[in-house]
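Subject: Structure handover

Hello,

Here is the structure for you to look through. Please open it first, then read my notes below.

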Amino acid sequence: MALLLGDPEWQITSNGTANTVNLLFEPVIAGASTQLVDAADRGYIAGVFAESDGSRPHSVWLQISNDSPHVQVRQHPGVHLLTDGTDDERHRAAPAFYQQLGVEALGSSEYANQLYGRSPKVLAYVASRGQVRSRPSLLKLEAGTYSPDHIGDALITLSGRSSLLEHDKGQRKALEDKRAKYAKALQRHEEALAREDTMLREAEARDELRRKIGSAEGDRRAALARGLLDEAARLRSAEVLLPQTAAALKTTADLLEHLEAQKAAASNLTALEQACETAEQTKDQCLTDLTNAQTEERHLGEELAEAQKALDEARTLSAAHAGETAAALQEELTLLAQQTAEAEINRGIAQRDAHTYKDQLRKAEQGQAGLVGEVLHSLAAEEDITGVGLLDQIDLDDQTRDRWEAALHPWRDAVCVAHTDLPAALEALNDLPGAVLITEGPDRNATATSPTSHETTWPAGIRSAPEPARQFLHALAAQTQWTQQPPHSSVDALGVHIVGSFPNPTVGRAALCAHLRTRYDEALLSQQRAENLIKHLARRVTLAEAELKRAQAFEALPQLVKVHREATDKLTHRRRTLPQVATLLEEAVDAWAMAKAALSGRKQRIEELERRIRETNVTLQNCDGERREQEAVIARDGASTAAAALGLDADAARTLLNWPADWLPTQYTQLLAEAPLPPAAPHGEPPRERRSAAQLHMAANATVDGCMVALSLRAGTSGYPTVALAHASRLDNADLDAKADAALQALSEWLTENEAADADIHTTVEKVRAERLEENAFISRSVETLAEELRHTQEVITQRVAGALDNITTALDQLNRDAGLFGADLHYQIDPPTDTDHGWRCSVTPRWRRNPNGPMLAYDTVTNTAQEKLFSIHLVLAALLAAPHAQGRVLVLDELGDSLGQEHRREVLSAITKVATAHGITVLGTCQDTLMRDVAPVCGQILYFQYPSKSEYLNRPTRMFGYDPQAGRVELTAEQLTRRLAR
């Protein structure tokens, strides 16, 4: 409803139109399934407006669309509603029905003004508009978020006076434009003054130029007269000096040719760089040669010293030489080396044997020779078992030694242990394969170290043996036969035959130790003999080597003498050539330095040569110029030409310059460039012109050039005044006379053209300035008039706005007192804008009194919340009451009576009802079912919205209740309403 009535809070004239699409049905927001129900792409709000008696109905349809434009309105007189068909049929027919209404759709920015006027038709206080939360409002003053400026704007809008604040906008714009025009006029006046001052200065400058140009023309005529006299003097001197000038010219030309050749050589950078590089390479090579020569000299000196040393040593050794040849001595040394090697080998064998026999003797003395020692060590370490070697403890007769040594030889590593220790011994020797253990039968309990009993009988040839071996030895004796030739022992049962007759004893510790001790002593003796032999051979080798050295020195002496002599010759030759190499290096360094200097100083050398060439050229040109000038003077007769240019003869020119008659000399030593100066005029006579023709000409040219310089300063900003002057300024400075002539002519023509205008310039400028001042005064009076009108208009606006606020204050105070309170007012301040970029500022602070004698409290003072809400309602109603033509306006209040107690709710509803009834204001308020008991009695009509259940996403059809003629509450239907409007 608020959107249809053009609620300004929707901001539909700006970006709020896009927010209106949030009113369209959206299944997700409504809680419906997107698979069953589609979102709406457009929707319609239809309203029928009529008089209170139902006459003059007028239908307005507002379309909301997802597409742009989002909001459009069509309207047409009469009742135009879709009432036929089902809901779905009406839904489908709505777009076509809407298009048939009216001639042209109204846009979002215009429909409210065209349908309802400029004052807002509706004032809606709702929580949100679409998906946008509503701004702070007059109904929420207790929240403290509404500033006095916002309150003032809202009250002015509600009172229908907002258009007043726009009345002065045009006047402010006109005044601002007029002030801008006046500022521009003043600016143009200042600019014109500057231009006119420039014009006056330029006229004065042209007058000064006219004076200078006259002076320049006089100097030019005097220069021509002086030139005529100079030409006459020049002609006479040329005839005398021409032969001398020709001779000097030839000499200067020869010198110039020589200098240019030197410059060409210095200008060849590549040749200089190559020469420098070559010189550096030569220097480096010479340095390398000198270094090599010095190194060679040092090496040769060392070689000579070595040769001298070798020669001295050879001579010393040769003196003691016995005469034997070196070859014979070398053979003797070779033989001695072989003998020494053999002796060292024998000594090594003897040392090895002595070590071996010593170790075997030590083990034999301990009864641990061979594998027996390892077995006994393992038994003692693992199980602490005592055992003895079989052969170590057997004592043999010497007659049967060969027989028993052959028979026992396979058992030389056997160890005897007690029968009781046999299991443990076998376990201890588990990691020593090949170990042999011998023990007695189980019926005896003798240990390996038990002493032999006198009652024990041993096999023939055995004196004693370890007790555990008794049974073994008897068995071995029974199965073994000895054969003397060849000596061997046989075990026929096993087919075993053992060769006997060992050269050394193998059974019995004593016999074995005696044998090993003898062997050890023999090895020590062999070792000593070998060492003695080695010492003897070493002495012989030393003597032979010394003699060989003397023999070799004697035989090498002739060659060493030759080598010494050659080394001496080489060193002498090198020392003789070394100074030459050093000299070459010095020359190469000097040449390199010169080449570097020539390269690094190339620019200076070229500059020096160029300077000399320039000087020579100048001299040559001067000589040539003099010759040519002399020839030209003679050939062309310059005096006649000068006379023709001046229009006078020489005597007339002399008279013009006030020179004497004898001004021309008779003797010449140089070519005269000009006539010699005459002496000063006697006192009392007119002064003589003593300046040269060039000076006179330069003075004239300088005057003209000064004029052109002054013009060039102006040309930098505004250009030259004439084309001829611009052309003269661009002429080449090479021909200054031609440039000065052109400039002088252009200046004369230009000054002549402006002479008449310059005479009247001051009168013209004064007249124009007077006219401009009068025009500016008129504009200034216009600005003052507009400013006065604007002040009057703003005063009227201020009075009318203040009157509206006073009316609101009166209504607010009356509503407050009618509610049983103690009065209220508005404290306001109205500030007009200062320019078109600012607007009116109306700051309003609502106030109310809590007790009869208390002060007025501002709206944002924290007090009773319910009374604050009641005060907010009174303020809104007061604004509506104070507005012109309040009848027909609509006030929309969301959640009517929310958060109010019963008494305050009654007061609010009573106030709203009285205002609505008295002024024809329509109030639309929403409330919950629990408030219907208080709200229903004061309502003219009730619209009842029913929410069926959470599973339904649409309300049930709206129900409307009103009063019948007997003031009874009845339910209204759509047919009744449309039928009433159609009458």
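Is Glu296 buried, partly exposed or exposed? At 34% relative accessibility, Glu296 counts as partly exposed. Buried means under 20% relative accessible area, exposed means over 50%, and partly exposed is in between (1.4 Å probe, protein chains only). Accessible areas come from the Shrake-Rupley method with a 1.4 Å probe, and for residues only the protein chains shown count as cover.

Before the rest, some ground rules. This is a predicted model, where local features need pLDDT of at least 70, side-chain atom pairs count only at pLDDT 80 or more, and totals for chains, interfaces and linings use all residues. Residues are numbered from 1 along each chain as its sequence is written, and side-chain values use heavy atoms, with hydrogens and water left out.

Salt bridges

The structure holds 29 salt bridges. A salt bridge here is a side-chain nitrogen of Lys or Arg within 4 Å of a carboxyl oxygen of Asp or Glu.

Start with Glu296. Its salt-bridge partner is Arg574, and the closest N and O atoms are 3.0 Å apart. This pair links distant parts of the chain: Glu296 is in helix α6 (residues 269-319), Arg574 is in helix α12 (residues 509-600), and they are 278 residues apart. Helices are DSSP runs (H or I, at least four residues), strands are DSSP runs too (E, at least two), and both are numbered from the N terminus. Arg574 is buried, with a relative accessible area of 15%.

Next, look at Asp741 and Arg220. Their side chains meet in a salt bridge (2.0 Å, N to O). Asp741 lies in helix α18 (residues 736-818) and Arg220 in helix α5 (residues 169-267), so this pair ties together parts that are 521 residues apart in sequence. Asp741 is partly exposed at 34% relative accessibility. Arg220 is buried, at 16% relative accessible area.

Glu405 and Arg401 form a salt bridge, with 3.0 Å between the closest N and O atoms. Both lie in helix α9 (residues 401-408), four residues apart, which is about one turn of the helix. Glu405 is buried, with a relative accessible area of 1%. Arg401 is also buried, at 14% relative accessibility.

Salt bridges link Asp624, Arg627, Arg628 and Glu631.

A charged patch

Which residues gather in a patch of negative charge on the surface? They are Glu382, Glu383, Asp384, Glu427 and Asp431. Patches are made of residues with over 30% relative accessible area and no salt bridge; like charges are joined within 9 Å, and nonpolar side chains (Val, Leu, Ile, Met, Phe, Trp, Tyr) within 5 Å. Lys and Arg count as positive, Asp and Glu as negative, while His and the chain ends are not counted. The place of a charge is NZ of Lys, CZ of Arg, CG of Asp or CD of Glu.

Glu382 lies in helix α8 (residues 371-382). Glu382 is exposed, with a relative accessible area of 55%.

Strands

Two strands pair if DSSP finds at least two bridges between them. Strands of a sheet pair through backbone hydrogen bonds, either parallel or antiparallel.

Strand β2 (residues 58-65) and strand β3 (residues 71-77) run antiparallel, joined by six bridges. Ile64 has Val71 in β3 as its bridge partner. β2 and β3 form a hairpin, with five residues between them. β3 also runs antiparallel to strand β4 (residues 106-107), with two bridges. There, Gln72 has Gly107 in β4 as its bridge partner.

β8 and strand β10 (residues 414-416) run antiparallel, joined by two bridges. Gly389 stands opposite Val415 in β10.

Further along, three bridges join strand β21 (residues 942-944) to strand β22 (residues 959-963), and these run antiparallel. Tyr944 stands opposite Arg959 in β22. β22 also pairs with strand β23 (residues 969-972) in the antiparallel sense, over four bridges. Gly962 stands opposite Val970 in β23.

Ala593 is in helix α12. Ala593 counts as partly exposed at 37% relative accessibility. How far apart are Ala593 and Gly925 in space? They are 113 Å apart, C-alpha to C-alpha, and 332 residues apart in sequence.

Best wishes
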